Amino acid sequence: MSEIAARIRSSQFLRFAIVGAAGFVVDEGVLWLMHRVIGLDPFSARAISIFSAMTFTWWGNRTLTFSAHAAEGAGAVVKEWLRFVAANALGALINYGTYASLVKFAPAPLNNAYLATAIGVGIGLIFNFTLSKRFVFRA
């Protein structure tokens with residue numbers, strides 16, 4: 001196993017960040033679809049994209065990051081997802097607040113919806129990891 005793979009395997013935070021990076025792609029894709037294809041305003045489109053990415057990252061984190069602590073059974077899995085949504089709500093609010101502030105008030109290029117999404121995701125990452133580890137996927 002390469003040194004990089006071993007480091008990823010041994011670090012929950014790195015696995016969380018990798019899942020988050022994939023979630024970012026989902027977030028940007030859904031934002032683009034909702035805003036550019038469906039025609040929603042950038043704020044409504046972003047709310048939908050955050051929720052979509054949150055659900056995707058819950059699945060990724062229960063599968064890759066915290067698999068040893070993932071819930072089993074339909075009822076427990078639903079409760080785990082609800083805990084994940086609740087725990088990540090703070091990060092999502094920070095993420096969305098950063099996004100909305102940049103889109104509405106920042107000068108170009110910071111007011112670009114896709115760049116603002118990236119900045120918001122980065123700021124919310126630390127909150128989401130900490131709360132997911134301590135509240136959602138605990139031993």
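1. Rings of Phe, Tyr and Trp (its six-membered ring) are said to pair if their centres lie within 6.5 Å; planes under 30 degrees apart count as stacked, over 60 as edge-to-face and the rest as tilted. One aromatic cluster is formed by F13, F16, F66, F84, F129 and F137.

2. This is a predicted model, in which local features need pLDDT of at least 70 and side-chain atom pairs count only at pLDDT 80 or more, while totals for chains, interfaces and linings use all residues. Residues are numbered from 1 along each chain as its sequence is written, and side-chain values use heavy atoms, with hydrogens and water left out.

3. The structure holds 10 aromatic pairs. The ring centres of F66 and F137 are 4.9 Å apart and their planes lie at 10 degrees, so this pair is stacked. Both F66 and F137 are buried (under 20% relative accessible area, with exposed over 50% and partly exposed in between; 1.4 Å probe, protein chains only).

4. The rings of Y96 and Y99 have centres 6.1 Å apart and planes at 40 degrees, so the pair is tilted. Y96 counts as partly exposed because its relative accessibility is 27%, whereas Y99, at 0%, counts as buried.

5. R46 lies over the face of Y99, 5.1 Å from the ring centre. Such a placement requires NZ of Lys or CZ of Arg within 6 Å of the ring centre and within 35 degrees of the ring normal.

6. A cis peptide bond, with omega about 0 degrees, joins A108 and P109.
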